Amino acid sequence: MVSELSGRDPETRKVDESRIPLAYDRLEGALHQAVSKYAFENFLMIVKSAGFIDPSMIGSMNALNFAYALYLRLRQDTSIGEGERTRIVRRWFVMSLLTGRHSGSFESTWEQDIRRITAQGAAEYFRQIEESELESGFWRTTLAANLETTSTRSPYFQTFIAAQVARGARGFLSKSITVQAMQEHHGDIHHVVPKDYLVKNGFPDRSDYNQVANFAITETPINIRISNRAPVDYLDEVNRQIDTGALSLGEITSWDDLEANLAENALPAELREVTAESYSAFLRQRRSLIAAYIQTYYSKL
């Protein structure tokens, strides 16, 4: 920008003062686009439609900024319809979060992406990126491995929550309260296999019991009722609740609804069989289920 406003010719690298007025005119036009309330609010709707309904869910401002730059660029492309523009921007944003494309020293990648979008068209260039960055091995292996973390702020876990929001998933063992409703009111993230149970049964390290694969968005009253019980114990209570209709842990009263709720939270149907002995295997399975859940969500963006 400094070079442009100084009149430097990008080809000859020499200063040509006749270029300066035109450069300032272009800058003024770009600024008007960037601060347009209409454009910005429409862009925010695109981001929220991907499930990212709270700023705390987005750890990479670079990814957000590039997505906005891309949106502004595509608004000037009359060959792309509104629906296609929305689809590209939404998928690009999520792709960049999952791959870290615009993290760290992103300037050269940013410049390259803008240049190739201009030369090839956004749709074609993005197709090439998806084919190279999001091949089947990414979903099966890379993403599942990236989920082996204790950071609930990781882009992979936050994208999982966004996927739940976008797909209308309910909280763990909730009958009607959605993940979106809890996110909007700063809902709680709780252990699926309780921390106290794990500590007492051979997993005293935070790096074990605080794996994100052991977390789910859960209503606080449900979490309090679960307490420090193993899955077999608290799910037995849910089973009795289904049999009798007497509510004691959440409000789920049918087997089909329980099965659907586990699927909405990327939890194995065999959760009640998970013990301290099988906890490590449970984490591996849950990571794979979360990765598959995100893949399905991404394919429908």
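Where is Asp9 found? Asp9 sits in the loop between α1 (2–5) and α2 (20–34), where helices (H or I, at least four residues) and strands (E, at least two) are DSSP runs, numbered from the N terminus. You are looking at a predicted model, in which local features need pLDDT of at least 70 and side-chain atom pairs count only at pLDDT 80 or more, while totals for chains, interfaces and linings use all residues. Residues are numbered from 1 along each chain as its sequence is written, and side-chain values use heavy atoms, with hydrogens and water left out.

**The whole protein**

- The secondary structure comes to 16 helices and 2 strands.
- Along its principal axes, the C-alpha trace spans about 80 × 35 × 30 Å.
- Of the 301 residues, 45% count as buried; buried means under 20% relative accessible area, exposed means over 50%, and partly exposed lies in between (1.4 Å probe, protein chains only).
- Among contacts (heavy atoms within 4.5 Å) with a separation of 6 or more, residues 24 or more positions apart account for 69%.

**Back to Asp9**

- Asp9 has a relative accessible area of 18%, so it is buried.
- Leaving aside neighbours within four places in sequence, Asp9 is in contact with Lys14 and Arg19.
- Asp9 and Gly171 are 162 residues apart along the chain, and their C-alpha atoms are separated by 57 Å.

**Helix α5 and its partner α4**

- The axes of helix α4 (residues 61–75) and α5 come within 9 Å and cross at roughly 160°; axes are lines fitted to C-alpha atoms, for helices over the stretch in contact, and angles run from 0 to 180 degrees between N-to-C directions.
- That angle makes α4 roughly antiparallel to α5, because angles over 145 degrees count as roughly antiparallel, under 35 as roughly parallel, 65 to 115 as roughly perpendicular and the rest as oblique.
- The crossing of α4 and α5 is right-handed, a word used if the near helix is turned clockwise from the far one by less than a right angle, with left-handed used if it is turned anticlockwise.
- On the α4 side, the contact is made by Ala63, Leu64, Phe66, Ala67, Leu70, Tyr71, Leu74 and Arg75.
- On the α5 side, the contact is made by Arg85, Ile88, Val89, Trp92, Phe93, Ser96 and Leu97.
- The residues of this contact of α4 with α5 divide into 12 nonpolar, 1 polar and 2 charged; here Ala, Val, Leu, Ile, Met, Phe, Trp, Tyr, Cys and Pro count as nonpolar, Asp, Glu, Lys and Arg as charged, and the others, Gly among them, as polar.
- Arg85 is found in helix α5 (residues 82–99), and Arg85 counts as buried because its relative accessibility is 8%.
- Not counting residues up to four places away in sequence, Arg85 touches Tyr71, Leu74, Arg75, Asp77 and Ile80.

**Helix α5 and its partner α3**

- The axes of α3 and α5 come within 9 Å and cross at roughly 60°, so α3 is oblique to α5.
- Helix α3 passes α5 in a right-handed crossing.
- This contact is made by Phe43, Ile46, Val47 and Ser49 of α3 and by Thr86, Val89, Arg90 and Phe93 of α5.
- The residues of the contact of α3 with α5 divide into 5 nonpolar, 2 polar and 1 charged.

**Nonpolar cores**

- In soluble globular proteins, nonpolar side chains tend to be buried together.
- The largest nonpolar core has 59 residues; a nonpolar core is a set of buried Ala, Val, Leu, Ile, Met, Phe, Trp, Tyr and Cys residues joined through side-chain atoms within 4.5 Å.
- The residues with the most contacts inside this core are Phe52, Trp92, Phe93, Val94, Leu143 and Tyr297.
- Helix α4 gives the most to this core, with 9 residues.
- Val94 touches Ala50, Phe52, Thr159, Tyr297, Tyr298 and Leu301, not counting residues up to four places away in sequence.

**Loop residues to look up**

- Gly51 is in the loop between α3 (37–49) and α4, and Gly51 counts as buried because its relative accessibility is 1%.
- Gly51 and Ala162 are 111 residues apart in sequence and 4.1 Å apart in space, C-alpha to C-alpha.
- Most residues other than glycine have a negative phi.
- Leu173, in the loop between α9 (155–166) and α10 (179–184), has a positive phi near 65°.
- Ser227, in the loop between α13 (220–226) and α14 (231–244), has a positive phi of about 60° although it is not a glycine.
- Leu173 counts as buried at 1% relative accessibility, whereas Ser227 counts as partly exposed at 45%.
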